[in-house]
Amino acid sequence: MMTRHYDIVIVGGGLVGATLALALQQSSRRRFQVALVEAHSLRTSSEGPFTPSFDARSTALSHGSRLLYERMGVWSAMAPYAGGISTIHVSEQGKWGATRLQASEQGLDAFGYVVPNAAIGRSLVASLEGWADLTVLAPAEAVSAQCCPEGMTVRLREGEHERDIVGRLLVLADGGRSSLAEGFGVASHRVDYGQHALVVNVGLSRSHDNIAYERFIDGGAVAFLPLASVRNDRMAVVWTVPSNRLQGLLSLDKVGFAEALQSQIGYRIGRIVQVGDINHYPLTLQTAQEQVREGLVLLGNSAHTLHPVAGQGYNLSLRDALHLAEALNEAVTSEELGGLPILNKYLARQQADQKRTVTASDGLIKLFGEKSAWLESVRQFGLISLNLAPAAKRRFAEYAMGVAERAPQWR
């Protein structure tokens with residue numbers, strides 16, 4: 001069997017990989033031969049109405065991410081399932097300081113949107129159809145990769161058969177525990193927060209009024225994010241707890257869990273009347289020590305895995321993917337695609353954004369995790385000051401909305 005050659009091979013057909021694949025096809029400067037490799041089957045048709053289940057996992061998209069997806073032409077398919085965040089309420093349990101950010105003060109309807117992952121994925125996959133220069137290989141498992149004179153050779157396993165494909169550039173968007181990245185010897189800096197995230201959807205006794213709540217509590221934080229529903233009475237919850245509390249909370253029945261969760265937020269949201277399936281995962285800060293090398297780029301959780309407290313992990317990865325597409329568009333020849341001049345250009349453009357976002361996320365955990373009277377005063381003063389200082393509040397809102405950085409130009 002003849003080995004197929006591509007300009008770019010993307011391993012990982014999740015939200016980040018699919019976004020990059022679509023952006024490369026939308027390039028107005030050059031045509032890219034792209035292979036998108038995904039271990040699981042991708043639905044390539046949008047047959048029938050999409051109805052997310054009560055337990056659908058969701059992602060918070062910033063206003064800036066909405067603008068990017070609008071430019072890609074996929075936001076209109078996501079919008080019917082998006083719960084808008086018109087107000088952000090930030091507080092610390094048992095303390096007097098709090099701040100409220102209103103999207104209307106920024107001239108917007110919403111700071112961001114909470115969208116079921118399946119709705120984002122379905123919209124992206126549907127948009128990948130019909131591109132002559134895109135080959136979707138799914139289900140296909142990338143079992144190994146190595147350098148070759150033409151770039152990178154990737155060994156695929158498709159059922160009982162294996163074969164090789166070659167790309168000038170290999171993009172790894174296959175998650176935080178990428179076996180291919182490990183195979184290349186890419187080391188990561190890893191910080192264990194000693195916490196787990198409990199992720200669950202809840203039903204409320206009243207409307208959420210499109211308010212998102214971020215409350216810092218003893219040993220972690222809890223975020224309630226508005227979901228789109230007929231009565232606006234559903235919210236997505238991310239509750240971070242010390243790892244030694246995890247099993248005790250998981251052993252509770254739904255009524256007991258609802259009571260424990262209600263005690264963290266109070267009744268400002270109304271009563272929790274329904275609790276969905278509970279997912280959980282350990283929390284770490286993980287950053288790859290090399291994001292690019294000759295012929296190789298790491299994207300998404302392969303490049304950086306953030307604490308969910310600020311809800312910026314996926315938004316950062318989206319900006320990374322589109323800035324990479326922009327840099328690749330500037331290559332004059334196919335031979336340049338895997339070269340360090342182009343890849344370092346991408347990294348130079350995104351390093352400040354990455355550093356700021358990672359530092360802010362990690363800094364919030366450290367700031368609100370310390371039990372110090374001095375730091376408590378600093379925290380409360382900071383929350384109150386945001387309400388009183390319009391310029392600081394506006395700058396804070398710009399970062400929350402994902403519009404503080406230069407927007408990528410990939411098409």
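Q: Why is Asn210 called partly exposed?
A: Its relative accessible area is 23%. Buried means under 20%, exposed over 50%, and partly exposed in between, with a 1.4 Å probe and protein chains only. So 23% puts Asn210 in the partly exposed class.

Q: What is this model, and how are its residues numbered?
A: This is a predicted model, where local features need pLDDT of at least 70, side-chain atom pairs count only at pLDDT 80 or more, and totals for chains, interfaces and linings use all residues. Residues are numbered from 1 along each chain as its sequence is written, and side-chain values use heavy atoms, with hydrogens and water left out.

Q: What makes the phi of Asn210 worth a remark?
A: Phi is positive, about 60°, although Asn210 is not a glycine. Most residues other than glycine have a negative phi. Asn210 is found in the loop between β12 and β13.

Q: Which class does Asp209 fall in, buried, partly exposed or exposed?
A: Asp209 is partly exposed, because its relative accessible area is 46%. Asp209 also has a positive phi, about 55°, and is not a glycine. Asp209 lies in the loop between β12 (188-204) and β13 (211-217). Strands here are DSSP runs of E, at least two residues; helices are runs of H or I, at least four; both are numbered from the N terminus.

Q: What kind of peptide bond joins Ala138 and Pro139?
A: A cis bond, with omega about 0°. Pro139 lies in the loop between β8 (134-137) and β9 (141-148).

Q: Why is α2 called oblique to α8?
A: Helix α2 (residues 63-72) and helix α8 (residues 313-329) pack at about 40°, with axes 10 Å apart. Axes are lines fitted to C-alpha atoms over the stretch in contact, and angles run from 0 to 180 degrees between N-to-C directions. Under 35 degrees is roughly parallel, over 145 roughly antiparallel, 65 to 115 roughly perpendicular, and the rest oblique. That makes α2 oblique to α8.

Q: Which residues of α2 and α8 meet?
A: Ser65, Leu68, Tyr69 and Met72 in α2 meet Tyr314, Asn315, Leu318, Arg319 and Leu322 in α8. Contact means heavy atoms within 4.5 Å. By class, six of these residues are nonpolar, two polar and one charged.

Q: How do you know that helix α1 is mostly covered?
A: In α1 (residues 15-25), 11 of its 11 residues are buried. Among them are Val16 and Leu20. Leu299 is in contact with both Val16 and Leu20.

Conventions:
Nonpolar A, V, L, I, M, F, W, Y, C, P; charged D, E, K, R; others polar. Lists of a residue's contacts leave out its neighbours within four places in sequence.
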